[in-house]
Amino acid sequence: MEGVSVRKIKKICVFCGANSGKDVAFVNAAFHLGEVLGKRKIDLVYGGGKLGLMGCVSTTVAQHERQVLGIIPSAFTVNNLVGETCGKEIKVATMQERLVMMMELSDAFISLPGGFGTLEELFQMISWAQLSIHNKPIGVLNINGFFNGLLSFVDHAVKQEFITPRARKILISATTADELVDKLQAFRFESDPALSKLKWSPSSSQKEKLDLTLRL
């Protein structure tokens with residue numbers, strides 16, 4: 001990426017399924033993403049546990065001696081529901097608290113294939129970026145066209161003028177892990193002039209934290 005300013009990414013949060021999916025390519029891609037993060041000396045933030053694609057990514061990153069942080073709601077730890085987290089684990093009370101912590105502790109976000117929970121995490125991060133709550137890059141690893149339908153729908157929403165062309169740029173996609181990380185590093189956030197003026201109220205703690213109760 002000669003001539004392109006590269007942002008420093010030390011920690012990437014990965015959203016993905018607690019299942020492995022039907023196509024073995026999903027598992028292979030999850031392992032490969034873990035290898036890419038490890039070789040690039042990037043630490044992992046994820047949802048905790050060791051099930052499905054989440055386990056593939058986290059164990060591989062740990063094998064490359066990078067830090068792994070699992071942020072998991074306490075409800076999931078009862079009766080070892082999702083398995084043992086690989087690396088350090090932080091327990092939180094709610095799903096929303098989990099997502100806020102993921103946002104605060106990560107420099108970028110990658111979504112692998114997954115279900116409703118994965119999609120909710122992905123679009124929550126996109127909507128928060130649109131609102132200028134954060135300016136961190138977000139991308140999907142489009143393995144075997146898994147996200148083709150989703151990307152087509154987003155483009156359709158742009159054509160129907162529900163998503164602005166500026167906001168559409170928030171969501172990055174690539175078919176390989178190396179290409180996606182390169183795109184995340186090259187990403188330049190372009191805020192909406194109106195939305196960037198929004199003021200988010202701090203909590204009562206001494207350290208200012210964003211009030212993220214607004215959801216689109």
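1. Let me start at glutamate 161, which counts as exposed with a relative accessibility of 73%. On the scale used here, exposed is over 50% relative accessible area, buried is under 20% and partly exposed lies in between, with a 1.4 Å probe and protein chains only. Glutamate 161 sits in the loop between α5 (148–159) and α6 (165–168); helices (H or I, at least four residues) and strands (E, at least two) are DSSP runs, numbered from the N terminus. Its phi is positive, at about 65 degrees, although this residue is not a glycine. Most residues other than glycine have a negative phi.

2. A word on the basis of these notes. The model is predicted, so local features need pLDDT of at least 70 and side-chain atom pairs count only at pLDDT 80 or more, while totals for chains, interfaces and linings use all residues. Residues are numbered from 1 along each chain as its sequence is written, and side-chain values use heavy atoms, with hydrogens and water left out.

3. Serine 132 is another residue to look at for its backbone: it is not a glycine, yet has a positive phi of about 65 degrees. You will find serine 132 in the loop between α4 (116–130) and β6 (138–141). Serine 132 is partly exposed, at 23% relative accessibility.

4. Now the overall layout. The chain has 7 helices and 7 strands, and from the N terminus on its elements run β-α-β-α-β-β-α-β-α-β-α-α-β-α. The radius of gyration is 17 Å, close to the 17 Å from the globule rule for 216 residues, so the chain is as compact as a globular protein of that length; the radius is taken over C-alpha atoms, and the rule is 2.2 Å times the number of residues to the power 0.38. Along the principal axes, the C-alpha atoms fill a box of roughly 45 × 45 × 35 Å. Of the 216 residues, 44% count as buried. Among contacts (heavy atoms within 4.5 Å) with a separation of 6 or more, 71% come from residues 24 or more positions apart.

5. Valine 45 stands opposite leucine 69 in β3.

6. The largest nonpolar core holds 34 residues, and Ile12, Val14, Leu37, Leu44, Ile110 and Leu112 have the most contacts inside it. Such a core is a set of buried Ala, Val, Leu, Ile, Met, Phe, Trp, Tyr and Cys residues joined through side-chain atoms within 4.5 Å. Two or more residues come from each of β1 (11–15), α1 (24–39), β2 (43–46), α2 (52–63), β5, β7 (171–174) and α7 (177–186). Helix α1 gives the most, with 8 residues. Apart from this core lies another, of 28 residues, including Val92, Leu99, Met125 and Ile126.

7. Serine 111 is in strand β5 (residues 108–111) and is buried, with a relative accessible area of 0%. Beyond its neighbours within four places in sequence, serine 111 touches Phe15, Thr118, Leu122, Gly139, Val140, Leu141 and Phe147.

8. Alanine 93 lies in the loop between β4 and α3 (95–105) and is exposed, at 64% relative accessible area. Alanine 93 and proline 73 are 20 residues apart in sequence, with 5.5 Å between their C-alpha atoms.

9. Finally, how many disulfides are there? The count is 0, a disulfide being a pair of cysteine sulfur atoms within 2.5 Å. For cysteine 13, the nearest cysteine sulfur is that of cysteine 16, 9.2 Å away. Cysteine 13 is buried, at 0% relative accessible area. For cysteine 16, the nearest is the sulfur of cysteine 56, at 8.1 Å; cysteine 16 is buried too, at 7%.

Methods:
Pairing = 2+ DSSP bridges.
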